[in-house]
Amino acid sequence: MAEDVLAGAPESGPAPRPSGSGRPFLDVRDLRVHFPTDDGVVKAVDGLSFSVERGKRLGIVGESGSGKSVTSLSIMGLHKRGSARISGEIWLGDDELVAADPERVRRLRGETMAMIFQDPLSAMHPYYTVGDQIMEAYRLHNDVSRRAARKRAVELLDRVGIPRADARVDDYPHHFSGGMRQRAMIAMALSCNPQLLIADEPTTALDVTVQAQILDLIVDLQAEFHTAVVIITHDLGVVAELADDILVMYAGRAAESGPAVDVFTEPRHPYTWGLLGSVPRWDRERSERLLPISGSPPSLINVPPGCAFHPRCPYADRNGDRSRTERPELVEVGPRHLAACHMGLEERATLFHDEIRPKL
Amino acid sequence: MNAPAAGGSSSPAAPPATEPLLVATGLQKHFPVRRGLLQRKVGAVQAVDGVDFEVLPGETLSIVGESGCGKTTTGRLLTRLLEPTAGSVVFDGRDISHLPPRAMRPLRRDVQMIFQDPYSSLNPRHTVGTIVGAPFRIQGVEPPGGIRSAVQDLLSLVGLSPEHYNRYPHEFSGGQRQRIGIARTLALRPKLIVADEPVSALDVSIQAQVVNLLEDLQDELGLTYVLIAHDLSVVRHVSDRVAVMYLGKIVEIGDRADVYERPMHPYTVALLSAVPIPDPRRGRSRARILVTGDVPSPLDPPPACRFHTRCWKAQEVCRTVEPPLEEKTPGHRVACHFPETGGAPVVELAAPAPGEAAEPASSRPPAE
Ligand SMILES: Nc1ncnc2c1ncn2[C@@H]1O[C@H](COP(=O)(O)OP(=O)(O)OP(=O)(O)O)[C@@H](O)[C@H]1O
Ligand SMILES: Nc1ncnc2c1ncn2[C@@H]1O[C@H](COP(=O)(O)OP(=O)(O)O)[C@@H](O)[C@H]1O
Ligand code: SF4
Ligand code: SF4
Ligand SMILES: [Mg+2]
Ligand SMILES: [Mg+2]
């Protein structure tokens, strides 16, 4: 396979951003995405900040409805105008996307940033061949002939591991298996060498053996092209294997964030403890019982006041009334490691070491 | 879920002297594929193609494997929601393989199924009380104290409130709906519950609630479970024995420890090595055995060993002679010409982070 298949696109490679701002490549500041509905305002994302450098992988974890997909669609500029109220800042290189002209965002999408969805079928058109769709994505941003675009489509399919790519390029999406469709969607997303790749549950619909192949592919391509990757998942195993940094979301906000190793080994938020206690660890001696979180995630129309996690948190009573009345801010609990909880840091560290970790 | 017969989790599982509750022999289900105006039969999906296993009373036997390998079809055969095209299912000493629905009805009390999707498996127009009480009405059973109080007891048993009796399914979260489904399943105190992916549609925190509930109910009521699941971590947590399916066949079956710590079939090894480990210090340095490509179609499965198209150990004999499911060590049966023997476990238990791991036996998917 050619080394520089993807480098065939004009302007590519890991060249550093010319900006002197010192700002991370993707920098999300106090993002809010609210949807007015008949039942009330859905505060899907409500004050979220995070950043990703090029060449790094951020894993966003959280239960369904915690605002992960809404966040990624905001970055991509894919929310319907009018239906969503978006505020805050999303910096991509030197562009701020929230206030930007939609035409500018449309250009950046595909050229600078691209997204892989959970369900490749819904993102691909059933009546066009896989090749046509990759060619279209490519030609939208590159002024090349059909022949050149087709050649590139074959190269891309080959690069993502589709066997006999020169023949399969003319297949329709439904001729592909789930894993092949996901590969084809990755090929499409990569057609213009994006500098930011957002993968929203890219392997949730796939079997584990195929999931392993796709995750490896994402890692390989990311290292090759120095892309910034945001990978969204509910699978703690996937982020543990893949992410440099982790952001744990709860009810539209960050509960905890930091380097993956720190968040997994020294977590400082009771919700993170709950997530870790809920998954059976098959790399350890088998525990007798899992430690579930009680209750279920809140409706984002009626987010509990104070700390949104308080109705499910076993420690909500330890902080006077604060957990019920005052929203905890994200504060530093270690180098680049943040958590939003009213409990004293010492108390959390002791609790985790004495009571939580021995049972994980 | 420890079977009473198997004792504590640390003792070696002694072969229980009890009679199996269920025996599947040569179980097969082929679905005809029809095409054209005349709906002529052009082939058959070999969804389940000759599987043999036993389920012991009080144990949890899990069936794992990738999408389309025949897990759900097997479950529906065991509960006689489907009729086998060959082979038999003997439940509690009685051959139920071809029982007509009427003859099956009294047995429905003993054999129940929990379905994957807590959203579509509950009738949205019925109250929780009606749904959970339905088995009593269908079977014409009048529980002592009346149906209402029996249903309220069931609701408390699964961790719901008796006040939920008059509410509708849409008022409940996914985890609560799954509890409603479980309460309905338990109404007639079945002996065997076949649970098809009971937690995979739920969030992780809720999955753990339901897993614990299923374990508690087993202890309390002496239930026997056949659990169908693709999440290998959950399966390890709850199972006494595990069967691994690939394209309609069982390729390996044994005690949990045999399958997880001493897997012998290359497919089991590959499957286990593909599961991500939720520990960034360990998962990354681990050797992964990547099988290439996807599972072939069950319409036209590869001949002889069905795994040979993806197996890194495949030899000529694998393409021509089907490997029988043979007992390799007591209770541990494997269908492979070249089983793994005594190699390192796929994942070291509780060891400090492994350093340089061995070379994967096969590398990345080929790009050609
Ligand atoms: N009624 C049917 N008619 C035709 N083919 C069927 C029918 N039911 C199942 N199949 C096919 O039989 C095979 C096994 O299906 P089954 O539902 O048992 O898989 P499974 O292991 O439960 O998969 P999953 O993990 O996706 O639930 C599949 O190829 C499926 O498409
Ligand atoms: N277009 C929309 N209108 C109203 N509510 C929405 C819309 N899109 C998403 N939501 C709500 O926002 C919340 C977060 O959704 P999402 O980001 O998709 O969650 P997840 O973390 O599972 O990806 C959910 O409560 C969802 O129902
Ligand atoms: S702020 Fe209070 S309720 Fe929230 S996580 Fe901390 S202790 Fe629990
Ligand atoms: S029989 Fe051959 S092809 Fe099949 S699993 Fe064993 S070694 Fe692999
Ligand atoms: Mg989502
Ligand atoms: Mg199934």
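Predicted model: local features only at pLDDT ≥ 70, side-chain atom pairs only at ≥ 80, totals over all residues.
Residues are numbered from 1 along each chain, and ligands are numbered from 1 in the order written. Local features need pLDDT of at least 70, side-chain atom pairs count only at pLDDT 80 or more, and side-chain values use heavy atoms.

**Exercise 1.** Find which residues come nearest to ligand 3, and sort its shell by type.

*Solution.* Start with the 13 residues around ligand 3, where near means a heavy atom within 4 Å. A:Cys307, A:Cys313, A:Ser323, A:Cys341 and A:His342 come nearest. Next, sort the shell: eight residues are nonpolar, five are polar and none is charged. Here Cys counts as nonpolar, and Asp, Glu, Lys and Arg count as charged.

**Exercise 2.** Locate A:Glu103 and A:Arg106, and state what their side chains form.

*Solution.* Both residues lie in helix 2 (residues 102-111; a helix is a DSSP run of H or I, at least four residues). They stand three residues apart, about one turn of the helix. A:Glu103 is partly exposed at 41% relative accessible area (buried is under 20%, exposed over 50%, partly exposed in between, with a 1.4 Å probe and protein chains only). A:Arg106 is partly exposed too, at 35%.

**Exercise 3.** Explain what the salt bridge between A:Arg150 and A:Asp170 ties together.

*Solution.* The closest N and O atoms are 2.9 Å apart. A:Arg150 lies in helix 5 (residues 146-159), and A:Asp170 in the loop between helix 6 (165-168) and helix 7 (178-189), so the pair ties together parts 20 residues apart in sequence. A:Arg150 is partly exposed at 32%, and A:Asp170 at 38%.

Methods:
Salt bridge = Lys/Arg side-chain N within 4 Å of Asp/Glu carboxyl O. Helix = DSSP H or I, 4+ residues; strand = E, 2+ residues; numbered from the N terminus.
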